[in-house]
Each structure stands twice: as structure tokens, then as C-alpha cells.
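This briefing is meant to be read beside the sequence and the 3D view. It goes from the whole chain to single residues.

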Amino acid sequence: MRLCRYDDDRLGVVRGDMVHDVTEAQTQIRAAAPYAMKGDAVIAALPAWRSRLEEMAAKAPGKLVAAPTNYKAHIEEMAARAATQNIKPSPAIGTAGLFLKANSSLVGPSEGVAIRFPERRNEHEVELAIIFGKQGSDIPRANALDYVVGYAIGLDMTARGPEDRSFRKSIDTYSVLGPWLVTADEIPDPDNVPLTISVNGEVKQNSNTKQLIYDCRKLIEWGSTFYTFYPGDVLYTGTPEGVSPVKPGDTMVARIDPIGEMSVSVRAHRAGG
């Protein structure tokens, strides 16, 4: 099953190229949720509501967590770049740890990416994104995928510079997620899915999650020793080699099978909006 939010916080089930409105289910779920509930009530209720959503058809995260330097080839390309610039390269994921991205940076693909600092190098990073379906802390590897409700394509956009990583990656529109949520049953092995991104028709990144240093289960296990994951939380799993700059006017097309494909336009940031 594929779910999306669209227009003014409406909930839809995606079938083919059609979106079937199931917002009434979202309204009922939210009305029944405890006032003090943490996380996304709709995501938490998805297992119980799935059949009803399917019959009716006949994504707002609590936090964004991201994994840096989680592909060996990407570490090597960034180390080579650091050497030419005489700067210190980023450590591998086991030393660097995970980082947080501001929720305000999250957009869907139709909103596009707004370049705020055109004088800097702004780059794409395509990633498999994990969406959590239930609360968990200190999650054992063997049960890690039991906490996953689904997956999406993520773009962890980056403005290069001297500031802290999470600051430069939390610019408005710099966390793209879409084109919909694919439920976990459609991806039985998240550690063996191809991911690609092209810019203006030229392929820039082309890899597979089997190249991850910390695979999806390890990321969930490790991350949950620091964070409690809640329904609707998103974990960006890291990007492979091939990151390249984008500028206003470019079009990025990211694809992860079997999730699908999303097209994202790049535009200039407009001050004040």
C-alpha cells in the first residue's frame, strides 16, 4: 500500500497514477488518539487501519534523523575532495554518529528545493528513508524491521561550508521526502535496493543499499541506543558516491525500486518566503 499526504493535510492511498482520498480515516484516528501521544497518530494506527484504508480507497514526522558517511565509496570521494582543499575529512559513521535535521526543512517533491546560498556548493544526496511505525528504544537488531511501517525516497540536500553538518542540512526545503510512503511489506529486504539520481538527465549517483556500511537494521539498533523512535520519525540511511552540485533551474529525478520515482525542481530562494 502507498500512502501520501496532499493539499491541505489530506490523506490519500495511491493506486497507479490515482490518489484516493481517505482523509476521513485520518480524522477519526486523530480524534481517538490520546492527547499526550508522542509521534504521528496515523502512522501508529496504520497496522490496525490498513484494511479499512484499502476499503476506503476501493506523513508528518516527529524528528528527522540522518546517517552521514555510510557508503565506503562516498567516504573516499569526500576524503579526496578534502585533501585538495586542505581540510579535515569527515570520519566514518561509527565515529561521526547520526545527526538531526530540522523538521522545518521537510518538503514533498512537488515543492522543490530552494537554493538559499547560491555562492556556495549545494549538493544532492539521494537516500533510502525509513519511516517508523511504532515507538522503540534499545531495539535489538533481530527485531529492528518490526518497527518500520514503510519507506520513501529521501534527498538530504547539503550546503557545503564550515558550519555544523546539521545546520547546513536543515535549510528550508533541504529534506525532500516522497513521492509517497511504501509500506514495509513491499520491500522485504531494505538492504538490497537500487537507488539513483540524475540531474538534467545525467545520472550522478547509482548504487545499492547493499553497499551500506551500517545496514538498515544496524542503523535502527544503534540509533535507538541514543534516541527513542516514535511513529512517523524518519531515518535517512546515508548516500552513496556521486554527489554533485545543483543550481536554480536544474531538475533532479531520484528513483528507488520498488518505491518509484520523484522529480524535484531546483529554484532560487526568495527572501521572506
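This is a predicted model: local features need pLDDT of at least 70, side-chain atom pairs count only at pLDDT 80 or more; totals for chains, interfaces and linings use all residues.

Residues are numbered from 1 along each chain as its sequence is written, and side-chain values use heavy atoms, with hydrogens and water left out.

**Whole chain**

- The chain holds 6 helices and 17 strands; these are DSSP runs, with helices being H or I of at least four residues and strands E of at least two, numbered from the N terminus.
- Its radius of gyration is 18 Å, close to the 19 Å that the globule rule gives for 273 residues, so the chain is as compact as a globular protein of that length. The radius is taken over C-alpha atoms, and the rule is 2.2 Å times the number of residues to the power 0.38.
- The C-alpha trace spans about 55 × 40 × 35 Å along its principal axes.
- Of the 273 residues, 50% are buried. Buried means under 20% relative accessible area, exposed over 50%, and partly exposed in between (1.4 Å probe, protein chains only).

**Helix H1**

- In helix H1 (residues 23-32), the buried residues are Thr23, Ala25, Gln26 and Ile29.
- Seen down the axis of H1, these buried residues fall within an arc of 150 degrees, so they line one face of the helix. The arc is that of the directions from the helix axis to the C-beta atoms.
- Exposed residues Ala31 and Ala32 sit on the face of H1 turned away from its buried side.
- The cover over the buried residues of H1 includes strands S1 (2-6), S2 (10-15) and S3 (18-21), as well as helix H2 (41-57); contact means heavy atoms within 4.5 Å.

**Cis peptide bonds**

- Most residues other than glycine have a negative phi, and most peptide bonds are trans.
- The bond from glycine 178 to proline 179 is cis, with omega near -5 degrees; proline 179 is in strand S12 (residues 175-183).
- The bond from aspartate 257 to proline 258 is also cis, with omega near 5 degrees. Proline 258 lies in the loop between strand S16 (251-256) and strand S17 (260-268).

**Positive phi outside glycine**

- Aspartate 138 has a positive phi near 50 degrees. This aspartate is in the loop between strand S9 (126-132) and strand S10 (148-156), and aspartate 138 is exposed, at 54% relative accessible area.
- Threonine 173 has a positive phi of about 75 degrees. Threonine 173 is placed in the loop between helix H5 (165-168) and S12, and counts as buried at 6% relative accessibility.
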